[in-house]
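Please keep the sequence and the model at hand while reading.

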Amino acid sequence: MSEQSYEAALAKEEASLLQQISAIEKRIEEIDFAQETSAVNFPPNIQAKLHALRKIQLDIVDREVNFHLKAHAMEVEYQAEFKECHQMIARIVNGEDVSDLVEQDATTNDVADQPSGVPNFWLTVLKASFLDGVVQEQDEPALQQLRDIRCVLLNDPEPGFELLFEFASNDYFTNEVLTKQYFLSCAPNVEAPSKFNGFEIYRCVGCKIDWKPEHDLTKDPGMNSFFSFFEPENIAEVGTNCGVMMMECDFEYGYYIKETLIPRAVFLFLGENPELGDSKAMCTCNRCLYIDCLDHITTYPEPPAEEEIEDGEQEEDEPEKQVLSASSE
């Protein structure tokens, strides 16, 4: 048996065990719920009805799980249709043969000293997006060499997706493609099934960037870099609470790239819909992906006490102190 086949078999066995454990935990939860509701001051016939209602509610959640799994499988199957469109965008952006894509009249004014593609397309898209805050000035020369950003949906051995950033030859690293994989879970929390809302990212894997000498953009601990996005393993070395919040932020980045940045890249470049790059719609922290932002997510100042107001007159307002937390920006 090949190593790949062995890993696939192991993954299926693990999934089967997790399903059995989930069934046992669900039964335990039903027993606990029955004990809890028995203490509530409901008549016995109402308690029985509530128990039946909750079982139906849990059954709805189970069916939602099956729906999301099948929907993801269909999305994986259909991605070839979108791939064709994204390949055409890449051809135009990178100045490849586009005679069959661009109207002839639009190219009649082209001259030799004009660029053949669309310069800085993906850098402009990133800076027009939710990720603008993590693109630093020192990152831009490297990101100018970004040729394409793609997403590949996965379903075997487990649901997930992979982001691929393709670069032209540059002065910073030797990699042609930088990757980031996200793995998805679609199972309700046994302790809180009411919070189930479809797929959730539970793990991600970056890649090693082969930096050229004296060109590592991430080595300076005093400066952020967009390329830290490809090193999520470093986040795990941070304290538990901070690490969790930082990973949640990283997951938001991944979903945003998959769901908005790639499929709406041209709109972002043209600035047709500013809401596509609205950070308030996504992340709940202040760039907490990066280590030097820990102060922003670990500082919780006490709100100032309200002072008594005499004779119905309000005192002059003092400048408000900025409160930085994981839930505000």
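## The second largest pocket

In this predicted model, the largest share of the lining of the second largest pocket comes from H2, with nine residues. A pocket here is an open set of points on a 1 Å grid over the protein atoms alone, where a 1.4 Å probe fits and protein lies on both sides within 12 Å along at least five of seven lines, and lining residues have an atom within 4 Å of a point. The lining has 27 residues, and Phe-82, Lys-83, His-86, Cys-151 and Ile-262 lie nearest the centre of the pocket. Two or more residues are given by each of H2, strand E1 (146-154), helix H5 (240-261) and helix H6 (265-270).

The volume of this pocket is about 780 Å³, where a volume is the space filled by probe spheres set on grid points that are joined across faces, edges and corners. By class, its lining holds 13 nonpolar, four polar and ten charged residues; Ala, Val, Leu, Ile, Met, Phe, Trp, Tyr, Cys and Pro count as nonpolar, Asp, Glu, Lys and Arg as charged, and the others, Gly among them, as polar.

## The largest pocket

The largest pocket has a volume of about 1400 Å³. It is lined by 36 residues, of which Ala-15, Leu-18, Gln-19, Cys-186 and Ala-187 are the closest to its centre. H1 gives the most to this lining, with 15 residues, and at least two residues come from each of helix H1 (3-39), helix H2 (44-93) and strand E3 (177-185).

The lining of the largest pocket divides into 20 nonpolar, seven polar and nine charged residues. Domain 1 (1-36) and domain 2 (65-97 + 117-270) each supply at least three of its residues, with domain bounds taken from an automatic or database domain assignment.

## The chain as a whole

The protein chain has seven helices and four strands, which are DSSP runs (H or I of at least four residues for helices, E of at least two for strands) numbered from the N terminus. Along the sequence the pattern is α-α-α-α-β-β-β-β-α-α-α. Of the 329 residues in the chain, 32% are buried, that is, under 20% relative accessible area with a 1.4 Å probe and protein chains only.

## Basis of the values

Residues are numbered from 1 along each chain as its sequence is written, and side-chain values use heavy atoms, with hydrogens and water left out. As the model is predicted, local features need pLDDT of at least 70 and side-chain atom pairs count only at pLDDT 80 or more, while totals for chains, interfaces and linings use all residues.

Terms used. Buried means under 20% relative accessible area, exposed over 50%, partly exposed in between (1.4 Å probe, protein chains only).
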